[in-house]
Every structure is written in structure tokens, then in C-alpha cells.
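Biologist: I am new to reading models. Could you take me through one, feature by feature?

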Amino acid sequence: MVELARPLPAARVRKAPEGHGTPVPFTRTYISPEAGRAVLDVLATGWITSGQQVVDFEDEFARYVSADEAVAVSSCTAALELSLRALQLPPRSKVLMSTMTFCGAAAAIAHAGHLAVLADVDDVTGMPSPATAAAAARECGGVDALVVIHLAGLPTDVAAIAEAAGVPLHHVVEDAAHALGTWVGQTPVGSISRATCFSFYATKNLPIGEGGMVTTDDPDLAARIRQMRLHGMSKDAWRRYLPGGGWRYDVAVDGIKANMTDVQAAMGRAQLRCFDQMQTRRRAVAARYDAALAWVPGLRLPPRPVDGTHAWHLYAVRVLPDYRVGRDELIDRLRERGIGTSVHFIPVHQLSWYRGQCLQPAAGLPGADGVFERTLSLPMDAIISDAEVDAVCAALAEEGRAS
Ligand SMILES: *Cc1c(COP(=O)(O)O)cnc(C)c1O
């Protein structure tokens with residue numbers, strides 16, 4: 001990747017309210033000046049929906065994650081739904097997923113016509129282990145497919161989870177919304193399973209605002225998703241208007257409306273050019289948190305990859321029982337100091353709609369319930385300053401000290 005000649009800009013530090021330390025937002029979106037200029041260039045061409053920019057973004061993205069094909073879509077949720085539909089499983093197939101994830105994955109499974117089976121998670125990683133995946137699959141009499149998450153950007157051993165769940169790798173879809181730039185061992189996420197789905201939502205590591213991508217090494221799967229993302233039409237508008245393109249098209253498959261625009265793609269191409277630099281900053285921020293928070297009793301630091309590379313989408317600590325205040329009270333106290341935090345995630349089985357929609361083990365999902373009670377995501381983005389990280393660490397140390 002090309003490195004930008006100049007460093008990322010320092011975050012603008014807002015003035016602290018009277019009597020408070022440095023306010024730090026939970027996350028800030030960095031849009032490079034090049035991305036802004038690319039958008040204006042696209043607007044000037046007059047072609048603003050899906051066109052050549054999308055084709056070029058797909059090519060560059062596929063190359064970045066070492067996949068043969070990339071298909072740009074409107075969101076990661078759409079990417080997951082289209083990938084699952086493209087597997088062409090029988091209706092109401094059972095699809096195993098972590099309960100500790102964003103509800104979009106459960107929505108995608110339901111909208112693809114399937115049944116989500118929720119797996120419990122390991123206390124340290126917050127993700128299904130081979131044991132919890134196997135248990136959930138066994139209890140519902142076996143599953144047909146699997147959605148794997150790399151929570152926070154921590155790589156999951158996709159093959160090990162698939163084997164434990166009894167699902168062949170060609171029925172595995174990865175939810176890599178947190179994991180652009182993650183490697184599982186020697187393999188970049190994006191070229192491991194049948195289809196890998198990425199998000200370009202405003203807070204994600206490669207922010208566009210909205211947008212998603214599917215990468216795959218299967219040209220037939222890519223072709224099906226390409227057709228399904230635009231109503232199932234045999235030719236999109238771009239191809240109909242190309243020289244030699246005719247006005248006729250057919251609709252031979254059941255599609256949805258989930259294409260990406262050239263405006264988004266142009267931003268994405270520019271953002272991808274400074275992505276490595278943004279990731280370098282996230283790694284440095286994680287290291288700075290690790291070094292300062294290792295001394296704070298009652299906080300457990302996020303796990304490091306056993307084998308592979310972390311994308312550091314989130315930096316989530318666990319607030320243990322021996323910390324002076326509970327997780328919820330800590331959130332309030334940090335908010336009073338102007339420090340934004342978040343919780344990832346409210347488990348899917350605790351959301352009232354999905355409780356009735358998903359299969360789950362009769363004994364419940366105690367691992368996820370426990371992680372949910374104690375997890376706390378600290379401010380993390382590509383432009384947070386060292387002073388801001390230090391302010392967060394100082395606040396955590398102070399709140400943890402009995403006064
Ligand atoms: C953000 C997110 C999604 C959804 O991404 P969209 O692009 O907003 O649809 C899916 N899964 C996880 C784990 C996410 O964090």
C-alpha cells in the first residue's frame with residue numbers, strides 16, 4: 001500500500017468543561033482530504049451511481065485482501081444476506097452464529113430465509129470456541145452453515161470453528177465487519193472462507209459512511225451476488241450504457257437493492273490508500289492502552305492473537321468484580337468526565353425480537369451473559385491522540401482507586 005507522505009492529522013481536542021479533564025469521544029471518523037477530492041471528482045463526471053469507480057474499488061479491494069473477486073454492496077448486512085443466499089441452501093437451513101455480535105448478522109440469516117442458531121462464547125475472546133460451537137450445533141441436531149465473526153478485530157481460527165460445528169468450509173461466511181487488515185495465521189481475512197463480508201459504516205476501520213464488500217475466490221458465487229445486489233437484473237445500468245450495451249435485460253433470480261454508488265466507491269478507494277497508516281495508528285493506541293492499564297487492578301486487558309494480526313477495531317477491557325465500581329457505574333462516571341465508551345455487544349438472545357427468532361441451547365448462553373455484564377469498549381480510532389489515550393487511562397486508574 002502507498003503510504004501518505006504526511007502523517008494523519010492530530011485529532012482536534014475540544015475544550016474541557018470547567019473542572020473536567022480532556023473530553024474524549026468514543027470514536028471519530030477520519031476521512032482523508034484525498035477522499036473528499038475524489039468525491040468532488042465523481043460528482044463532476046455526472047455518473048454518480050454504480051459505475052467505473054465501483055469496478056476499480058472492487059479490483060483494488062480484492063487485491064488488498066488477496067481474494068480473486070470482490071463485490072461492492074450497500075452494507076455488511078446486505079453482504080451477509082447476499083452471501084448466504086448465494087450459497088443456495090434449502091430454505092430454513094440452520095446457520096450457526098455467535099450470540100455476541102451485532103444484530104445485523106441475525107437479520108441477514110432471517111432475510112436469507114434461514115434459521116439462526118446462537119452459539120455461546122468463550123469468556124476471554126468473547127467469541128465461540130470450538131467447544132461452544134460444537135455444543136450449539138449438537139443440541140439442535142446439526143447445522144448447515146456458519147457465520148464466523150472476528151470480534152473487535154481479533155482473528156478467529158475459522159477452520160477450527162467450522163470443523164467443530166461440522167460445517168464444510170464452503171458453507172462458511174465470515175462477518176469481517178471488524179476485521180479488515182486482520183490475518184489468521186499467514187492468511188489475510190478475505191481469502192479464507194467461501195465469502196467474507198466487510199463493512200464501511202462510519203465507525204469501522206475503513207469508513208465511508210455506509211457500504212459493504214463481499215470477497216470470494218469463487219467466480220460463480222461472485223457472479224450470483226453481483227446479479228442479486230441489483231434486483232437480480234442480468235445487466236446493471238452501467239453495462240447497459242456502455243458502448244455496445246443494449247437496453248434489454250432479464251430478471252432471472254430473486255434479487256434485492258443493495259448496490260454501492262460511485263460516490264462511495266471513490267471515497268473507499270482513497271480511504272484504502274491510507275488504510276495501512278490508519279491501522280498502524282490503531283496498533284500504537286492499543287499498545288499504549290496495554291502499557292498504562294496493565295497497572296490498574298480490576299481491569300482485564302483484551303486478548304492478543306495467538307496466531308495472526310489484530311485489526312484493533314475495538315479496544316474492549318473487562319471490568320472485573322475487584323474493580324471499585326461496576327461496569328455500568330464506570331460508564332456513567334467516565335461520561336461525567338467527558339469520556340465516551342460503548343458496549344459490544346448486547347447479545348442477540350437478549351434482544352426481544354431475536355429471542356423468538358433464533359434457536360439457542362436450553363441451558364441458555366451464560367458465557368455471553370457474563371461477557372456482556374463486564375465488557376467495556378474504550379475510545380479507539382485512527383486519529384485519537386496520545387494525550388487523549390493517557391487521559392482515558394488516568395480516569396480509569398482514578399475511578400478504580402478507593403477514595
Ligand atoms: C457494523 C457491523 C455489522 C453491520 O455492518 P453494516 O455495514 O452497518 O451493515 C455487522 N456485523 C458486525 C460485527 C458489525 O460490527
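This is a predicted model: local features need pLDDT of at least 70, side-chain atom pairs count only at pLDDT 80 or more; totals for chains, interfaces and linings use all residues.

Biologist: How do I read a polar contact?

Modeller: Look for a pair of N or O atoms within 3.5 Å. A polar side-chain atom of aspartate 175 is 2.7 Å from a ligand nitrogen. For histidine 178, a polar side-chain atom is 2.7 Å from a ligand oxygen. Cysteine 76 uses a polar backbone atom, 2.8 Å from an oxygen of the ligand.

Biologist: How much of the ligand's accessible area does the protein cover?

Modeller: Such areas come from the Shrake-Rupley method with a 1.4 Å probe. On its own the ligand has 380 Å², and the protein covers 92% of that.

Biologist: What about strands and sheets?

Modeller: Strands are DSSP runs (E, at least two residues), numbered from the N terminus; helices are runs of H or I, at least four residues. Two strands pair if DSSP finds at least two bridges between them. Here 3 strands form an open antiparallel sheet, ordered β7-β6-β11. β7 (187–188) and β11 (308–309) are at the edges with a single partner strand each, so one side of each has no neighbour in the sheet. β6 (residues 183–184) pairs with β7 over 2 bridges. Tryptophan 183 has proline 188 in β7 as its bridge partner.

Biologist: Where is the cis peptide bond?

Modeller: Check omega. Between histidine 344 and phenylalanine 345 it is about 5°. Phenylalanine 345 lies in the loop between α11 (327–336) and α12 (352–355).

Biologist: Which residue has a positive phi although it is not a glycine?

Modeller: Arginine 92, with phi about 65°. Find arginine 92 in the loop between α3 (76–86) and β2 (94–98).

Technical notes. Residues are numbered from 1 along each chain as its sequence is written. Side-chain values use heavy atoms; hydrogens and water are left out. A polar contact is a pair of N or O atoms within 3.5 Å; within protein, one must be able to donate a hydrogen and the other to accept it, and residues adjacent in sequence count only if both atoms are side-chain atoms.
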